[in-house]
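The sequence and structure are shown first.

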Amino acid sequence: MVLYMCGIIGCVGNENTLEVLLDGLTALEYRGYDSAGVAVFDNTGKLRMVKDFGRVSKITQEVLEIKSSSCGIGHTRWATHGAVTKENSHPHGSEGLQIVHNGIIENHAHLKKELTDIGYSFKSETDTEVAALLLDYYSKQSESKLEAIGKTVKRLVGSYALGIVFADEPGVIYAVRKDSPLIIGIGEGANYIASDMTALLKYTREHYSLENGDIARITAQDIEIYNTGERITRKKLYADWDRSAAEKGGYPHFMLKEIYESPDAVRSTLRVRIVDMLPDFSADELDEGIFERISRVYIVACGTAMHAGLIGKSRLEAYAKLPASVEIASEFRYNPPMLSSDDLVIVISQSGETADSLAALRLSKQMGAKTLAVVNVVGSSIAKEADFVLYTYAGPEIAVASTKAYSVQSALITLLAVRAGMLRGFIDESFAKTLVCELYIDAPSAIEKMLERADEIKECAEMLCESDDAFFIGRGIDYALACEGSLKLKEISYIHSEAYAAGELKHGTISLITEGVPVIALASVSALYDKMESNIREVASRGAKVILITSDTREYGYTMVRLPEISERVSFLPVACVLQLLAYYTSVMRGCDVDKPRNLAKSVTVE
Ligand code: F6R
């Protein structure tokens, strides 16, 4: 499985193909993108290509100047390999063909070298261009287009949905799918391809959903689907979505959609850094030697990203025995630690543009520390300025409240901590494999199991939705999670909420616990169950409504959300999912604007 990023659209047989493509690209905007492009046959049968970074509107004029077309493909790109530039935008190809791609070609570096050695040169930094030129190569060695595509996809490792047009075959689109969704829309006298139904609702609702290994040849009249060389049939499906729901991929809010994308986001982020179930950061050009040289790590970030840093701190200390502290970026400059070249500063940011985090990064560099950015947006300022960058592959996060970005940030730093632990001699290969397996295999499935039980969490939200105040308590890593749960709840439901280290309650806060105040207690660490139990008893005896999120299998008589069976070392991921859903449903029940909470912006570029 792979994350839904980028958007694909294609149309053959419709006289207004240019409008269909532009309209489809606009409909796919909800997925988030930074560049757009099309490849179309004009009315003389010539293959033309228009692309640029920026909005669809930036290419609209140039596309419409082609005047008329009845066959073409289009793409919205969310940068993963290579910065946001015109050259890196899709389509990619050669004189003979153009392709659009959704997914990641993991063996692109190896294939690029092979192609360079036989004389191919590249215009972009993308993995997609590698696939395009490989197809160009096989087209020259094959009797048919289908054969060339078959040979090409056999060489590709990773995930891909591809739309392909060949210059010498106007009126035909080829489509390929592996681990990245692609559908074929069935029209009257026209057929379509799209990465999701949103782009096609205006034209048709009947469609086929391609399955892994399918290669389709599509003309205005015909749709032929092949798998492992055999012609096959797929079941005809019908989409009864209304268009506004479809813009969010069928979810009522972006936030919910993004929570559901978390398991795949974690997998996509980790997959490219795991070889033989061991962490491998070689493709990131990370100087791993720094983990042997440094004596301290400072993690700097804001808000949710800072909370992901709290998880990172606990893992770096546990696995790599590296003292780590977490700094609020907006405070960092006023009270900077005494940094030196023995220190590593890790800046975490989804957007890569948060002003305080960027300023902290700059100051850290000035003070001589090495800097590493964990960033989701390719080519963003923080990514560009840090000494090293590790990208998270969460795809675009549109809801203001950060959810899947938190999951990938905390998962990626955990993987880094395992690698650092190996390099520093605290973790052997066999233990590292256990840790990687828990993180990469077990944790995303545990999130999925939690998502299947969303109704249970909805019931907990009913206990919260009429309250004015709420408290989140936990110890150790559960306290770090409590901080995030509390932030999520307050920012989107406007319920005043606070996170406390459970042991701190009796030092003041317990005076706020009165009849009916909700207390969300986190207990995912078995060594702390008993201590948490006494804290819970303290608040329950003062009338608190307790919601206990725990892996403990004992019955306590409180409302409980039981975590799926999973190693305590990675249970922070399913716990985060529960907290995100709890905030989400509470916000919905209170009638709040979930995706755009008041006074908040997605990217905070002012200090
Ligand atoms: C909360 C939230 C914010 C961001 C913070 C940092 O849901 O989204 O707290 O986490 O503004 O943003 P980035 O990660 O873009 O630096």
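## Ligand shell

In this predicted model, the shell around the ligand is made up of 7 polar, 4 nonpolar and 2 charged residues. The ligand is surrounded by 13 residues, and the closest of them are S349, Q350, S351, T354 and E491.

Two helices, α9 (303–320) and α16 (477–493), each supply at least two residues of this shell. The most comes from α9, which gives 3 residues.

## Polar contacts and burial

In the side chain of S349, an N or O atom is 2.6 Å from a ligand oxygen. For K488, a polar side-chain atom lies 2.8 Å from an oxygen atom of the ligand. The ligand taken alone exposes 410 Å², of which the protein buries 89%.

## The parallel sheet

An open sheet is formed by 5 strands with parallel pairing, in the order β24-β23-β25-β26-β27. The edges are β24 (496–501) and β27 (559–562); each has a single partner strand, so one side of each is left without a neighbour in the sheet. On average, neighbouring strands are turned by 20° against each other, direction ignored.

Within this sheet, β25 (residues 518–523) and β26 (residues 545–550) run parallel and are joined by 6 bridges. A523 has T550 in β26 as its bridge partner.

## Helix across the sheet

Helix α17 (residues 529–540) lies across β23 (469–474), β25 and β26. The helix runs at about 175° to β25.

Methods:
Residues numbered from 1 in each chain as written. Predicted model: local features only at pLDDT ≥ 70, side-chain atom pairs only at ≥ 80, totals over all residues. Heavy atoms only, no water. Pairing = 2+ DSSP bridges. Helix = DSSP H or I, 4+ residues; strand = E, 2+ residues; numbered from the N terminus. Axes fitted to C-alpha atoms, helices over the stretch in contact; angles between N-to-C directions. Contact = heavy atoms within 4.5 Å. Near = heavy atom within 4 Å. Polar contact = N/O pair within 3.5 Å; in protein donor to acceptor, adjacent residues only side chain to side chain. Areas by Shrake-Rupley, 256 points an atom, 1.4 Å probe, with all protein chains shown as cover. Nonpolar A, V, L, I, M, F, W, Y, C, P; charged D, E, K, R; others polar.
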